[in-house]
Amino acid sequence: MDKKVEFKVTAKVADTYDFLLTHVYGSVRGWFGVFISILAFILLIKEGNTNDSFRTLLLVLIAALFTIIQPIQLFFKAAQQVKLNPNATNPLYYVLDQKGIHVKQKDEEMTLP
């Protein structure tokens with residue numbers, strides 16, 4: 001008896017956003033950026049009310065860079081990728097059977113043993 005599993009996958013903005021978040025924050029570089037942002041936030045709290053508004057603004061910007069600004073940028077990048085990439089809007093059809101993995105999108109088809 002030949003068993004097979006079939007399913008289709010369509011990329012959505014949320015899926016692409018999750019991928020980008022995992023890619024960026026799943027690396028040492030991503031964690032280092034978060035560490036720098038947290039350090040800037042701690043310095044901002046520790047400094048309290050200083051008269052140096054440039055330093056305060058700089059610390060706020062650094063604190064927000066990897067924790068607020070970059071995730072927002074990644075969301076817009078994900079939305080743009082899904083919108084502009086024609087392959088992202090066409091679903092991928094998968095068939096898993098004894099012979100391998102068969103992938104089809106529009107007129108293209110590929111089999112992996």
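**Helices, strands and rings in question**

In the hairpin of strand 3 and strand 4, two residues lie between the strands, and lysine 106 takes a positive phi near 50°. This is a predicted model, in which local features need pLDDT of at least 70, side-chain atom pairs count only at pLDDT 80 or more, and totals for chains, interfaces and linings use all residues. Residues are numbered from 1 along each chain as its sequence is written, and side-chain values use heavy atoms, with hydrogens and water left out.

Q: How do you know that strand 3 and strand 4 pair?
A: Strands are DSSP runs of E with at least two residues, helices are runs of H or I with at least four, and both are numbered from the N terminus. Two strands count as paired if DSSP finds at least two bridges between them. Strand 3 (residues 100-105) and strand 4 (residues 108-112) have five bridges, in the antiparallel sense, so they pair. For one of the bridges, look at valine 103, whose partner in strand 4 is methionine 110.

Q: What makes strand 1 and strand 4 the edge strands?
A: The open sheet has four strands in the order 1-2-3-4, with antiparallel pairing. Strand 1 and strand 4 each pair on one side only. Neighbouring strands here are turned by 15° against each other on average, direction ignored.

Q: Which residues stand opposite tyrosine 93?
A: Lysine 8 stands opposite tyrosine 93, and tyrosine 93 also stands opposite lysine 104 in strand 3. Strand 2 pairs over five bridges with strand 1 and over five bridges with strand 3.

Q: Why is the pair of phenylalanine 7 and tyrosine 94 called stacked?
A: Rings of Phe, Tyr and Trp (its six-membered ring) pair if their centres lie within 6.5 Å; planes under 30 degrees apart count as stacked, over 60 as edge-to-face and the rest as tilted. Here the centres are 5.2 Å apart and the planes are at 20°, so the pair is stacked. Phenylalanine 7 is in strand 1 (residues 5-9) and tyrosine 94 in strand 2 (residues 92-97), 87 residues apart, so to speak for distant parts of the chain.

Q: Why is helix 1 called oblique to helix 3?
A: Axes are lines fitted to C-alpha atoms, for helices over the stretch in contact, and angles run from 0 to 180 degrees between N-to-C directions. Under 35 degrees counts as roughly parallel, over 145 as roughly antiparallel, 65 to 115 as roughly perpendicular and the rest as oblique. Helix 1 (residues 13-25) and helix 3 (residues 53-84) pack at about 135°, with axes 8 Å apart. That makes helix 1 oblique to helix 3.

Q: What makes up the contact of helix 1 with helix 3?
A: Contact means heavy atoms within 4.5 Å. Among the residues that make it are Tyr17 and Leu20 of helix 1 and Phe66 and Leu74 of helix 3. The classes are nonpolar (Ala, Val, Leu, Ile, Met, Phe, Trp, Tyr, Cys and Pro), charged (Asp, Glu, Lys and Arg) and polar (the others, Gly among them). By class, the contact has 13 nonpolar, three polar and one charged.
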